[in-house]
Amino acid sequence: MPHKRRICAPAWSGLLAAAVVFVTSSCAQPGAAPQSPRRTPITASGFVDSGPVPFQDITKAAGLSGWKHTMGNADKRLIIDTNGSGVGLIDYDNDGWLDIYMVNGSTFNAMDGKEAPPHAALFHNNHDGTFTDVAVKAGVTNDRWGFGVAVADYDNDGWPDMLVTNWGKNRLYHNNHDDTFTDVAEKAGVALGNWSDGATWGDYDGDGRLDLFISGYVHFDRDNLPYEHTKATGFSYCEFRGEPVMCGPKNLEGEPDHLLLNNGDGTFKDVSAKAGVADSANKYYGITPVFVDVNNDGKPDLVVANDSTLSYLYLNRGDGTFEDASYGTGFGLNEDGREVAAMGVAVGDYMNDGLLDFAISDFSDESKLLFRNQGKGGFSEVSMRSGIGKVSIPFLGWGDGFLDYDNDGWLDLMFINGHIYPAADRLDWGTSYAQRSLLFQNEHNGSFTEVPPVKGTALAELITGRGAAFGDLFNDGKIDVVISQMDGPPVLLRDINPDHHHWVELKLIGGAKSPRDAVGATTYLTANGTRQRQDVISGGSYISTNDPRLHFGLGDATDPGSAEIHWPSGAKETVKLPAVDRIYTITEGKGITYSLCAGKPCAGSASTGSKQ
């Protein structure tokens, strides 16, 4: 039997609940003076009396507070109890307003039929600031142990579908065009099994059809549960700073990843090994994957945030295979050259230099990662230099996103946080179980400044955050945030920043040789003296899906400029935008075909174009 070590050193875990002994924060000597009373950690404090209030919590007023997320037992002694679920923003009925899909977890009793299973929620947007849960009517309750959701129109019929990842078999909800969905995962060949965590859609082979990548996390065997001192954990002790905790993912068997080629007939073919992205040898603990064009060659590459191991950056060779560039580009490790517990992936050009950067959330005791794209195939991890590093160290991050919350034309950055060990509230670890979110304002020079949490406002709320999705839920040009909270109701933060800046949003519709929903398109907007970049992405944050429409803040500019669109087909198109503060639908080869003003069709728009 292994023996329990006690190491006297600064706490620095670098792992998400690794099934090994963690270092402790101090070594108390016999007869030492008693410790001073525990102080409130910064993750649950740091509030100011006054200041800017960019978000308002409208969960109850919006009608979301009656739904509850459920995941495993309250003691959180198994890894499956702790990771939480994602959020999907989807306009499922094509009415021009985003709806909300909340993935739910489950319990062993529910899986065994001993109690009613927790339902997922599909909140229909009522266009008046409220939402109604229609999941039962729509047929998307899942009723399995759910984790992630990726939204896209995989069959190019003009209606968004949803891939929901589970422990057990996945769901592929095909949109029936009548406010209902049908699960076609088995027929399509994407049900898989065991623990699928995140998913992303992208047309990696350029045939105009969206393919699917699903990350495998831990091989979780109900008949061989990974408690400490068991065969499943190699008979290890599982501790964090001397406290017994759940085991994993270290010392547990991982699950391979899956790349599924869209055959164009409603079925998919597993081409993971052929493409070089199966991860069957390492079986790293895959969490959040994202298809996006990293090196500006017009082909979607693949990023995979892995827990407690190297994260992957696969560059698309254009011949059906990928090059593993994780080490060579500097993407796979942090600034110190170490592996981290990567969870969420934010994608955006925060420097406005035309190059995609990445922010990655990870465990407490580590700075959250910020990878600046240096061009020519290289990244620099700049969290400390940028100003987000030191502030973020005590927080345990999950959902994250680049968002221009103040519409000044520069992407800001937000992290949603929450610990995995309930003992954090009992022990003096310098952190807490429920944590406040972090919002960093872009200073336009490569650095960020934390927006201080004002007492009694949304940024000062303590939540057990997990998945998060970012988007304009009210068609007002402001980016709102929907958060999945462990074992609690969702949290809806409405962007109420008092700026009077202008903005535009673009909904892209692909032509015959592009995916219909234009996933994979890149758009550069030149306005107000800057050139911004936005990409249409399915997946990201923490196993979630954001608003597919592209949002551009314009500052005080009244001329929205021109949009240079690089379509997935390879075609390029420049469209002059006629006015600010509108949501434009742009169809490949046809220009602007529809527009919304203050949430309603602009004058002449309804009769001359279509919103889909």
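Biologist: Let's start with a hairpin: how many residues sit between β36 and β37?
Modeller: Five residues lie between the two strands of that hairpin. G570, in the turn, has a positive phi of about 105°. Keep in mind this is a predicted model.

Biologist: And how many bridges join β36 to β37?
Modeller: Five, and the strands run antiparallel. β36 covers residues 562–566.

Biologist: Which residues of β37 are on the covered face, and which on the uncovered one?
Modeller: E573 and V575 are on the covered face. K572, T574 and K576 are on the uncovered face.

Biologist: Switching topic: which residues touch the most other members of the largest nonpolar core?
Modeller: L172, W201 and L508, in a core of 39 residues. There's also a second, separate core of 32 residues, with W195, L252, A341 and W429 among them.

Biologist: What is L508 in contact with, leaving aside its neighbours within four places in sequence?
Modeller: The contacts of L508 include V536, L550, I565, W567 and I586. R516, D517 and T523 are among them too.

Biologist: Okay, sheets now. What's the strand order in the open sheet of four strands?
Modeller: The order is β25-β26-β27-β28, with antiparallel pairing. β25 (397–403) and β28 (448–450) are the edge strands, each pairing on one side only. On average, neighbouring strands there are turned by 20° against each other, direction ignored.

Biologist: How many bridges are there between β27 and β28?
Modeller: Three, in the antiparallel sense. F440 stands opposite E450 in β28.

Notes:
Residues numbered from 1 in each chain as written. Predicted model: local features only at pLDDT ≥ 70, side-chain atom pairs only at ≥ 80, totals over all residues. Heavy atoms only, no water. Core = buried A, V, L, I, M, F, W, Y, C linked by side-chain atoms within 4.5 Å. Buried < 20%, exposed > 50% of the residue type's maximum accessible area, 1.4 Å probe, protein only. Contact = heavy atoms within 4.5 Å. Pairing = 2+ DSSP bridges. Axes fitted to C-alpha atoms, helices over the stretch in contact; angles between N-to-C directions.
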